[in-house]
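Subject: Structure handover

Hi,

Here is the structure I promised to pass on. Please open it alongside this note.

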Amino acid sequence: MRVLVAGIVAEAARHSVCLLPEKVGHKKSFLAGGPPPGGPPPLSEPPCKRNCGGSTTPTPALVDDHLKNQADATDPAAVALPFDGYFEMGCYSDNTPQVRVEFAPRSLKVSPKECFNFCRDKPQARFFGLTLGRECYCTPYPTLGGGNGGCTRQCEGDANFMCGGDSMSTVFEMHRCGDVTEVAQKDKTEAEAVIAKADFFTGRCEAVVQSLTAAAEGIDVSDVRKRVFGLAATLEELRKDTVNKRNDANDKLAPLTSALAAFDESAATADMMRAVEEAQADLLGFVALLEDSYDNLEAYWNDHSLDNSMAFRSIDSKALGSGDELSKPLPSEINFLSSKVAKELDGEQNHADFTYLVVGKQHLASLFQVYNPTNPIEGRPTGLTVPDWEKWTVKECHQMCVMTPGCVGGNVIGASTQAMWASTCNLKGSVERVEMSKSKPASTMMKGFIFSSYYSLRSDKIEFNTANVLIQ
């Protein structure tokens, strides 16, 4: 592929970056080849806008004359703004005289990005080069040759890039794409979408934390109480971190909005351009931190989501909450009592009013579920009352245990104290005792179950603690 500009054909560059390469939404075009022996002319149009075609190769003298003519130009409009992009020309031996070269200070941690930032507003500079892995220089035009060796030195500032070699330079041309505000506005819109997504998700997490905390406060069984509190505490820690990162990112929207409003396309200045870029980079940095925090929160949620676990096992959550299913009684394993204990409690074998929690050393999983009665997410039953929601979530946990290898029982603990109702399903691989009580906080649910097949094998080893039921 060749580039035709001002009657001169030059081999196209390897890649082009409009705006700073660290910006989200930057443009790249990957082109084949490299410049002719005398070096390519600076282009009269930004590489992101030029047309490709032609096949004639210019002579080195013609190219060098064109470069000098361009470098000597003093059109104020052409140098009013810093360059906002660059593209890699390739790896060459650069024999540019020292008088046409300005070196960056050795304190600069060299990378293509850092060298570009150093050179982009230097008077007359159109190109920059990197050599020895640690040196950056700017020049009006390079004097390129074939040279010996290759660009094999990693950049001191970014090991992902090569910064020349012992006698070779990685050479870049700078250009103006002229889309600073367009890209900044796009990044701002995307940042607002990330913030809105975080708002929705942290709201759901908050409902789970509040419901589980309210339910856990009424649990008398220490190890069950500790497990529910622990689940809520970890989720809350991750949620708070995401909320804090969300607030930090949101605070960076206003400066970018102001910088964009102050940017006058017809009379833009370098200060206007830098104000937009600095506010844009600041916002993107904080959005990146928000996305990392959100990913951690989402990963914990997904690992403990009852919905995800049920979907993995092909359990139809919506069917379990249908009118037909909810009209049926709960499975007999829910609040199961042995015949002996049932006699002690006046024959109530599955008493619905009991706080009933199974305790076992082998814990398989703690999963949570959240339900919005006014706006349930897709795949959930709609319009459930609190009693129907409790029955539905108990059936979900019970079915989850049925489909989980090694599960012999579990607890369903939740609360309907908030706008969204939430519960946790704790699955057990063993049951040593059952703790029962007739008291529990208002709007909370505490139900448990033991599979009859497991109880029949270990009935002599499972203790039912009914003291709190008999004395109440």
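Below is what I found, going from the whole chain to single residues.

**Ground rules**

This is a predicted model, in which local features need pLDDT of at least 70, side-chain atom pairs count only at pLDDT 80 or more, and totals for chains, interfaces and linings use all residues. Residues are numbered from 1 along each chain as its sequence is written, and side-chain values use heavy atoms, with hydrogens and water left out.

**Confidence**

pLDDT is the predictor's confidence in each residue, from 0 to 100. The protein chain averages 80. At least 70 is reached by 79% of the residues. Residues 1-16 stay under 50. The model still gives them 67 contacts beyond four places in sequence (contact means heavy atoms within 4.5 Å). Residues 19-79 are also below 50, with 140 contacts beyond near neighbours in sequence. Where pLDDT is low, the predicted coordinates should not be read in detail.

**Overall make-up**

The protein chain has 13 helices and 17 strands. Both are DSSP runs numbered from the N terminus: helices are H or I with at least four residues, strands are E with at least two. Of the 472 residues in the protein chain, 50% are buried. Buried means under 20% relative accessible area, exposed over 50%, and partly exposed in between, with a 1.4 Å probe and protein chains only. Among contacts in the protein chain with a separation of 6 or more, 75% come from residues 24 or more positions apart.

**Strands**

Two strands pair if DSSP finds at least two bridges between them.

Start with E5 (residues 85-94). Nine of its ten residues are buried. E5 pairs with E10 (residues 169-175) in the antiparallel sense, over seven bridges. Tyr86 stands opposite Met174 there. E5 also runs antiparallel to E9 (residues 144-145), joined by two bridges. Here Ser93 faces Gly145.

Now E15 (residues 433-437). Four of its five residues are buried. Five bridges join E15 to E11 (residues 355-359), and the two run antiparallel. Val358 has Val434 as its bridge partner. Three bridges join E15 to E17 (residues 463-465), this time parallel. Arg433 stands opposite Glu463.

**A loop residue**

Which loop holds Val101? The one between E5 and strand E6 (102-103). Val101 counts as buried because its relative accessible area is 17%. Beyond four places in sequence, Val101 contacts Thr96, Tyr137 and Cys138. Its C-alpha atom is 9.0 Å from that of Pro142, 41 residues away along the chain.

**Helices**

H4 (residues 222-251) has 30 residues. Its first and last C-alpha atoms are 42 Å apart, close to the 44 Å expected at 1.5 Å a residue. The expected span of a helix is 1.5 Å times one less than its number of residues. Buried residues in H4 include Val224, Leu231, Glu236 and Arg246.

H11 has 17 residues, which should span 24 Å at 1.5 Å a residue; its end C-alpha atoms are 24 Å apart, which agrees. Among its buried residues are Trp389, Glu390, Lys395 and His398.

**Aromatic rings**

The structure holds 15 aromatic pairs. Rings of Phe, Tyr and Trp (its six-membered ring) pair if their centres lie within 6.5 Å; planes under 30 degrees apart count as stacked, over 60 as edge-to-face and the rest as tilted.

Phe201 and Trp301 have ring centres 5.2 Å apart and planes at 65 degrees, so this pair is edge-to-face. Phe201 lies in H3 (residues 180-216) and Trp301 in H6 (residues 270-303), so the pair ties together parts 100 residues apart in sequence. Both residues are buried.

Tyr371 and Trp392 are edge-to-face too, at 5.5 Å centre to centre and 65 degrees between the planes. Tyr371 is in E12 (residues 363-371) and Trp392 in H11 (residues 386-402), 21 residues apart. Tyr371 is buried, with a relative accessible area of 0%. Trp392 is buried at 0% as well.

Tyr86, Phe116, Phe128 and Phe172 form one aromatic cluster.

**Charges over rings**

A charge sits over a ring if NZ of Lys or CZ of Arg is within 6 Å of the ring centre and within 35 degrees of the ring normal. Arg176 has its charged end over the ring of Phe83, 4.2 Å from the centre. Lys197 lies over the face of Tyr294, 4.6 Å from the ring centre.

Best wishes
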